[in-house]
Amino acid sequence: MTDNLITFSALLFILLAVGASAIRIVVEYERVVVFTLGRFTGVKGPGLIFIIPFVQTLSRVDLRTIVLDVPTQDLISRDNVSVHVNAVIYFKVVDPERAIIQVEQFIDATSQLAQTTLRSVLGKHELDEMLTERDKLNKDIQEIIDTQTTSWGIKVANVEIKHVDIDESMVRAMAKQAEAERERRARVINAEGEQQAAQKLLEAAETLSGHPEAMQLRYLGALGEIAGERSSTIVFPFPVEFEKFFNGFANQDSKKLAGNAANEPTLSAGKSAG
């Protein structure tokens, strides 16, 4: 009787252990890939699932977005600049069957693919493009990686270049280049300002030359500005019109003197004849 009880208890314990091992709980963000005697038989989950112990095996797959840090890559840009670049990639599993069957360790495979793609894509661009066109480069890298991982059941959502580091000597060279560019722009702006000012002065001169009274008003305005300044030295503007006016009087006086001088010999000759 005792032996029968022990045997029954042992069988009951074995049945309970086998039954417990047949029960699996799959959370909402997971899926289970089930293999029966080594052959794929389906994807189960989420919730409570049952498997046949010792006959069926399973592999769990996380469907959440995975954030993968791409290690720093040393590369040479198209303009022969040594650059150190690292990035981050966001992807998730959309087909658990392919992620388990088509590739071994899909996370490591995606990481290696991202590293090689990062080097190959950025190596075709110049340093200025890496610094100013990151959005375009991110999209190009994301499309290339996503195209190759589609067969693995993986969807690459985004790729972001985090840092683009260059040598200290190149930083100094870029600083000199930026300074020279700023000086060039300053000179161009200054030259454009001089050109515009000269054009406006020419237009003002043409307007004043056609209206002498406007020149007089401008002259009186200048005198008003000089009178308002507290200075021991006063620069008095002398209009050109006044010079012409005085030159006209001087010419008339010289003509009169010349006429008088011409008439004096005639008068003297008349007196002597008389």
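A salt bridge is a side-chain nitrogen of Lys or Arg within 4 Å of a carboxyl oxygen of Asp or Glu. The close-ups below come from a predicted model, where local features need pLDDT of at least 70, side-chain atom pairs count only at pLDDT 80 or more, and totals for chains, interfaces and linings use all residues. Residues are numbered from 1 along each chain as its sequence is written, and side-chain values use heavy atoms, with hydrogens and water left out.

**Figure 1. Lys155 and Asp146 meet in a salt bridge.** Their side chains come to 3.2 Å, N to O. Is Asp146 buried or exposed? Asp146 is buried, at 13% relative accessible area, while Lys155 is partly exposed at 37%. Here buried means under 20% relative accessible area, exposed means over 50%, and partly exposed is in between (1.4 Å probe, protein chains only). Side chains of opposite charge can pair when their charged atoms come close. The structure holds 9 salt bridges.

**Figure 2. Glu126 forms a salt bridge with Arg78.** The closest N and O atoms are 3.6 Å apart. Look for Glu126 in the loop between α3 (106-122) and α4, and for Arg78 in the loop between β6 (66-76) and β7 (82-93); the pair therefore ties together parts that are 48 residues apart in sequence. Helices (H or I, at least four residues) and strands (E, at least two) are DSSP runs, numbered from the N terminus. Glu126 is partly exposed, with a relative accessible area of 31%.

**Figure 3. Glu181 and Arg184 pair along helix α6.** In this salt bridge the closest N and O atoms are 2.5 Å apart. The two residues are separated by about one helical turn because they sit 3 residues apart in the helix. Salt bridges that share partners join Glu181, Arg184 and Arg185 into one network. Both Glu181, at 29%, and Arg184, at 44%, count as partly exposed.

**Figure 4. The largest pocket has a volume of about 150 Å³.** On a 1 Å grid over the protein atoms alone, a pocket is an open set of points with protein on both sides within 12 Å along at least five of seven lines, whereas a cavity is a set of points where a 1.4 Å probe fits but cannot get out; lining residues have an atom within 4 Å of a point. Among the residues lining this pocket are Asp79, Val81, Leu127, Met170 and Gln177. Helices α4 (127-132) and α6 (168-210) each supply at least two lining residues. Which kinds of residue make up the lining? It divides into 6 nonpolar, 2 polar and 2 charged.

**Figure 5. The largest cavity holds about 30 Å³ of space.** Val70, Ala87, Ile89, Ala114, Leu118, Ile141, Ile145 and Val159 line this cavity. At least two lining residues come from each of β7, α3 and α5 (134-149). The lining counts 8 nonpolar residues, no polar and no charged.

**Figure 6. Leu11, Phe13, Ile14, Val18 and Phe54 make a nonpolar surface patch.** The patch covers about 590 Å². Patches are made of residues with over 30% relative accessible area and no salt bridge, with like charges joined within 9 Å and nonpolar side chains (Val, Leu, Ile, Met, Phe, Trp, Tyr) within 5 Å. Phe13 has its place in helix α1 (residues 2-22) and counts as exposed, at 60% relative accessibility.

Definitions and conventions
Areas by Shrake-Rupley, 256 points an atom, 1.4 Å probe, with all protein chains shown as cover. Points joined across faces, edges and corners; volume = space filled by probe spheres on them. Nonpolar A, V, L, I, M, F, W, Y, C, P; charged D, E, K, R; others polar.
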